[in-house]
Each structure stands twice: as C-alpha cells, then as structure tokens.
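Biologist: Could you walk me through this one? I have a few quick questions.

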Amino acid sequence: GLDGMLLLAPTFRPMSDTGEMSLGPNVIRQLEMLRSQDGTHRGSLLWLLGDNTCTSAGARAIRRWVSHPLTDRDAIQKRLDAVEELRAESDAGGRLESVFASLAEYHGAKGKGG
C-alpha cells in the first residue's frame, strides 16, 4: 500500500523523536524564518517576533526555537505556560532582567569552570 511506498522512497524521512521539527535550510529560507528574501533580518519571522533578548545566549535560544518548532503538544503547552508566567511577572512589575542576568552570570561562570 501507500505506507510501504513511502518507506521505500529515498526522500521520505520519519519525524524524529526529539519533539522538534527538523526543517531544512531551503524551508527556513523560503518561509523567511531567520532572514527575509533580500537577505536582511528585517521582515523575517524572527524580526516580527521582536528579539528583545539581553544576552547572546537568549538570542541563540530564540533563534533555535524559531528554526526548530516543537511538535509535542505537552512541550508546546509547557512553553506557552512559561511565557505566560514570565509575561504576568513582568506586567506585575517584577524584575526579570535581574533574574536573567544572574542566570547568565551563573552559566557563564559554570562554562569557565567556576
């Protein structure tokens, strides 16, 4: 049947069990996820989301999230819940910048053997 034909096709690749989509560079380029068609950041999905990160690690995380979308419903919900919690904390006058700065310092020291 059709299932057997798909398994024999050299271009068929089952989704991995990592819980993320594995998008090829052509897909990322065609969907203008990281850069627009003219090769600039402006106009891309990443640009539309508004990269307001304060650290290079944060920028890398956002870039990875955009280019490797989640496929697992529970993981998506957990991420949405975390974002909502952060947004609510920020709206309530919380000082997220200081929390994230201390995390960045911790991970930076840890990466340098500290």
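This is a predicted model: local features need pLDDT of at least 70, side-chain atom pairs count only at pLDDT 80 or more; totals for chains, interfaces and linings use all residues.

Biologist: Which residues of H4 are buried?

Modeller: In H4, the buried ones are Gly-58, Val-66 and Ser-67. Seen down the axis of H4, its buried residues fall within an arc of 160 degrees, so they line one face of the helix.

Biologist: And how far does helix H4 reach from its first C-alpha to its last?

Modeller: Helix H4 covers residues 56-67, which is 12 residues, and reaches 16 Å between those two atoms, close to the 16 Å expected at 1.5 Å a residue.

Biologist: Stepping back, how many helices and strands does the chain have?

Modeller: There are six helices and zero strands, and read along the sequence the pattern is α-α-α-α-α-α.

Biologist: What percentage of the residues count as buried?

Modeller: Of the 114 residues of the chain, 12% count as buried. As for contacts between residues at least 6 apart in sequence, 40% of them join residues at least 24 apart.

Biologist: Which residues make up the largest nonpolar core?

Modeller: That core has five residues, namely Ile-28, Met-33, Leu-34, Leu-46 and Val-66. Leu-34, leaving aside its neighbours within four places in sequence, is in contact with Ile-28, Leu-46 and Val-66, and also with His-41, Ser-44, Arg-63 and Ser-67.

Biologist: Switching to the loops, where is Glu-32, and what is its phi?

Modeller: Glu-32 lies in the loop between helix H2 (25-30) and helix H3 (45-49), and it has a positive phi of about 50 degrees although it is not a glycine.

Biologist: Why does Glu-32 count as partly exposed?

Modeller: Because its relative accessibility is 23%, and the partly exposed class runs between the 20% limit for buried and the 50% limit for exposed.

Biologist: What about Met-21, where is its place?

Modeller: Met-21 is in the loop between helix H1 (2-8) and H2, and it is partly exposed, with a relative accessible area of 36%.

Biologist: Which residues is Met-21 in contact with, leaving aside its neighbours within four places in sequence?

Modeller: Those are Ser-67, His-68, Pro-69 and Thr-71. For His-68, the C-alpha to C-alpha distance to Met-21 is 5.4 Å, although the two are 47 residues apart in sequence.

Biologist: And Ala-75, which helix is that in?

Modeller: Ala-75 is found in helix H5, residues 73-91, and at a relative accessible area of 27% Ala-75 is partly exposed. Ala-75 and Glu-20 are 55 residues apart in sequence, while in space they are 9.7 Å apart, C-alpha to C-alpha.

Biologist: Last topic, rings: how many aromatic pairs does the count come to?

Modeller: The count comes to zero aromatic pairs, where a pair would need ring centres within 6.5 Å.

Biologist: Then what lies over the face of Trp-65?

Modeller: Arg-79 does, at 4.2 Å from the ring centre.

How values were computed:
Residues are numbered from 1 along each chain as its sequence is written. Side-chain values use heavy atoms; hydrogens and water are left out. Rings of Phe, Tyr and Trp (its six-membered ring) pair if their centres lie within 6.5 Å; planes under 30 degrees apart count as stacked, over 60 as edge-to-face and the rest as tilted. A charge sits over a ring if NZ of Lys or CZ of Arg is within 6 Å of the ring centre and within 35 degrees of the ring normal. Helices (H or I, at least four residues) and strands (E, at least two) are DSSP runs, numbered from the N terminus. Buried means under 20% relative accessible area, exposed over 50%, partly exposed in between (1.4 Å probe, protein chains only). A nonpolar core is a set of buried Ala, Val, Leu, Ile, Met, Phe, Trp, Tyr and Cys residues joined through side-chain atoms within 4.5 Å. Contact means heavy atoms within 4.5 Å. The expected span of a helix is 1.5 Å times one less than its number of residues. The arc is that of the directions from the helix axis to the C-beta atoms.
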